[in-house]
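Student: I have the sequence and the structure open. Can we go through some surface and buried residues one by one?

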Amino acid sequence: MSPESTPCACHEATEAELLAQLDDVLQEYRGVRGALIPVLQIAQAMFGYLPESALKKIALALDKPYSEVAGVVGFYSFFSTVPRGKHLVRVCLGTACYVRGGKAVLAALKSALGIEVGETTADRQFSLDVGRCFGACGLAPVIMVDQDVHQRVKVARIGKILEQYQDAVADANRGGNGDQP
C-alpha cells in the first residue's frame, strides 16, 4: 500500500465501538471486589466522559443497581457525564485564591471561553471547572490547565494563557511543526 492510500490512523471510534471495547474491560473486572471505580476511570478514559449507555452496561456487568453507579459518578468530581474539552481549565476558589482575585479570574475565563462552570466550548477544546484548593496558596490566585499550574494569574493574562493551548491544538491539526501559517 502506498503512503497516499494508507487509511487514516486518526479514526475516532464510534460509541458502539467503544461500548464493545468496554465489554472487554468488564469481562476482566467481572467478579472483582472494588471494581466499580477502576472500571469507571477506564470507561471515562475511553469515552472522554461517562455516557448513560456505558453506565448502564457497567451496572449490569458488575451486578450493581444503576442508582449506585450513577451515585458514585455524581459524588466524585473527577467523573463527568458530559463530554469534556481537550483541555480542562480549573480555577482555584480556596480562601487564599478567592481573596487574591480568584473570583475575577473565573469571571474572565467564563467571558473568554463563552461558557459557564461545568460546560465545554462548542469546539470541545476547553472545559471549565472550579476547585477548592490546589495546595499553592502562596502563589494565589492559581488556575490549572490540564496538569499545568499557572500562578499569580491576572485577569489581563487570561488570553495569553489560553492561547498557549489553542496554539498547541492548531499545531497538532497542522501536523505539529508550528512553522506553518
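Student: Which residues form the positive surface patch?

Tutor: Keep in mind that this is a predicted model. The positive surface patch is formed by Arg100, Arg152, Lys154 and Arg157.

Student: Is Arg152 buried, partly exposed or exposed?

Tutor: Arg152 sits in the loop that runs between strand E4 (148-150) and helix H6 (158-174). Buried means under 20% relative accessible area and exposed means over 50%. Because its relative accessibility is 44%, Arg152 is partly exposed.

Student: Which side chain does the side chain of His150 contact?

Tutor: His150 is part of strand E4. With a relative accessibility of 10%, His150 counts as buried. The side chain of His150 makes a polar contact, at 2.9 Å, with the side chain of Tyr165.

Student: Is Phe75 buried or exposed?

Tutor: Phe75 belongs to helix H4 (residues 66-75). Together with Ile37, Tyr76 and Phe78, Phe75 makes a nonpolar surface patch of about 430 Å². The cut-off for exposed is over 50% relative accessible area. Phe75 has 64% relative accessibility, so Phe75 counts as exposed.

Student: With which residue does the side chain of Thr121 make a polar contact?

Tutor: Thr121 lies in the loop between helix H5 (95-113) and strand E2 (126-131). Its relative accessibility is 8%, so Thr121 counts as buried. At 2.6 Å, the side chain of Thr121 makes a polar contact with the side chain of Asp123.

Notes
Residues are numbered from 1 along each chain as its sequence is written. This is a predicted model: local features need pLDDT of at least 70, side-chain atom pairs count only at pLDDT 80 or more; totals for chains, interfaces and linings use all residues. Side-chain values use heavy atoms; hydrogens and water are left out. Patches are made of residues with over 30% relative accessible area and no salt bridge: like charges are joined within 9 Å, nonpolar side chains (Val, Leu, Ile, Met, Phe, Trp, Tyr) within 5 Å. Accessible areas come from the Shrake-Rupley method with a 1.4 Å probe; for residues, only the protein chains shown count as cover. A salt bridge is a side-chain nitrogen of Lys or Arg within 4 Å of a carboxyl oxygen of Asp or Glu. Lys and Arg count as positive and Asp and Glu as negative; His and the chain ends are not counted. The place of a charge is taken as NZ of Lys, CZ of Arg, CG of Asp or CD of Glu. Helices (H or I, at least four residues) and strands (E, at least two) are DSSP runs, numbered from the N terminus. Buried means under 20% relative accessible area, exposed over 50%, partly exposed in between (1.4 Å probe, protein chains only). A polar contact is a pair of N or O atoms within 3.5 Å; within protein, one must be able to donate a hydrogen and the other to accept it, and residues adjacent in sequence count only if both atoms are side-chain atoms.
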